[in-house]
Each structure stands twice: as structure tokens, then as C-alpha cells.
Amino acid sequence: MAENLHDLSNQVAAALQATPDFQGLQKAYDTMKADADTYKLFRDFQQLQGTLQQKQMAGQQLSDDELKNAHDLAEKVSKIDAVQALMEAEKGVNQILSDLNKTITQPIQDLYQG
């Protein structure tokens, strides 16, 4: 049974990649990545986000400097057209994933509500 679910998840992943939303995200990412400065800034922002999230999950308080740095970098990144296009494209893919999650978890909700 678990193998069947694994096979199905691979099929869903392939189907996701074939959607116009995912293809638009790929195109937006490739466009953003083509500009070395923008890509570096984007990667720096991702790394900073990950570091701050890890600290928060570990129960550590974020310093004012860390918060200011994150805010400043987020503001700088968000002003770049290629990053704006990437984030807009992400919305479509995230909606698909949200819909899939709702469908997949519906049996659990039905179980608890039934």
C-alpha cells in the first residue's frame, strides 16, 4: 500500500511540473537567476530567512539587528521586478498545493467529524 502511495505521489509531482503554473514559476525562476546580482541577493535572503526560522524554532529570541537586517533585505529584494514576478508565479503553484493538501487530508477531517 505504501509503495502505491509513493508511486501516486511521483505521478502527482510529474503532473504538477506539467501545469502552466509550475512552468510559469520555472520561467520566472530562470529569468531571475539569469541576473547574477539579483540571484545572489535572492539566495542571501533565503539563507537569512532559514537562519532566522531555525533560531525561532529553537526558541531563541531574534535581535533587533537581525530583524532590521531581515526587513531591509526583504524590502530590497521585493523591489526587484524579477523577484516580484517569481513571487507572483509562486502564488499559482501554492494554490495548487493547497488544493491538493485539502483533498488528501479530507479523509482525516471526515473521520474526526463523523
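Predicted model: local features only at pLDDT ≥ 70, side-chain atom pairs only at ≥ 80, totals over all residues.
Local features need pLDDT of at least 70, side-chain atom pairs count only at pLDDT 80 or more, and totals for chains, interfaces and linings use all residues. Residues are numbered from 1 along each chain as its sequence is written, and side-chain values use heavy atoms, with hydrogens and water left out.

Student: At roughly what angle do the axes of α2 and α3 cross?
Tutor: Helices here are DSSP runs of H or I with at least four residues, and strands are runs of E with at least two, numbered from the N terminus. Axes are lines fitted to C-alpha atoms, for helices over the stretch in contact, and angles run from 0 to 180 degrees between N-to-C directions. The axes of α2 (residues 20-34) and α3 (residues 36-57) come within 5 Å, and the crossing is at roughly 110°.

Student: Is α2 roughly parallel or roughly perpendicular to α3?
Tutor: Angles under 35 degrees count as roughly parallel, over 145 as roughly antiparallel, 65 to 115 as roughly perpendicular and the rest as oblique. The crossing of α2 and α3 is at roughly 110°. That makes the two helices roughly perpendicular.

Student: How do the residues of the contact of α2 with α3 divide into nonpolar, polar and charged?
Tutor: Contact means heavy atoms within 4.5 Å. On the α2 side are Y29, M32, K33 and A34, and they meet A36, T38, Y39 and F42 in α3. Ala, Val, Leu, Ile, Met, Phe, Trp, Tyr, Cys and Pro count as nonpolar, Asp, Glu, Lys and Arg as charged, and the others, Gly among them, as polar. The division is 6 nonpolar, 1 polar and 1 charged.

Student: Is T38 buried or exposed?
Tutor: T38 lies in helix α3, and leaving aside neighbours within four places in sequence, T38 is in contact with M32, I80 and V83. Buried means under 20% relative accessible area, exposed over 50% and partly exposed in between, with a 1.4 Å probe and protein chains only. The relative accessible area of T38 is 8%, so T38 is buried.

Student: How far apart are the closest N and O atoms of K40 and D44?
Tutor: A salt bridge is a side-chain nitrogen of Lys or Arg within 4 Å of a carboxyl oxygen of Asp or Glu; by this rule the count comes to 5. K40 and D44 both lie in α3, 4 residues apart, about one turn of the helix. K40 is exposed at 52% relative accessibility, whereas D44 is partly exposed at 29%. K40 forms a salt bridge with D44, and the closest N and O atoms are apart by 2.9 Å.

Student: How do the residues of the contact of α3 with α4 divide?
Tutor: The two helices pack at an angle of about 145°, with their axes 10 Å apart. Residues of α3 including L41, F45 and L48 meet residues of α4, among them A70, L73 and V77. The contact divides into 8 nonpolar, 1 polar and 4 charged.
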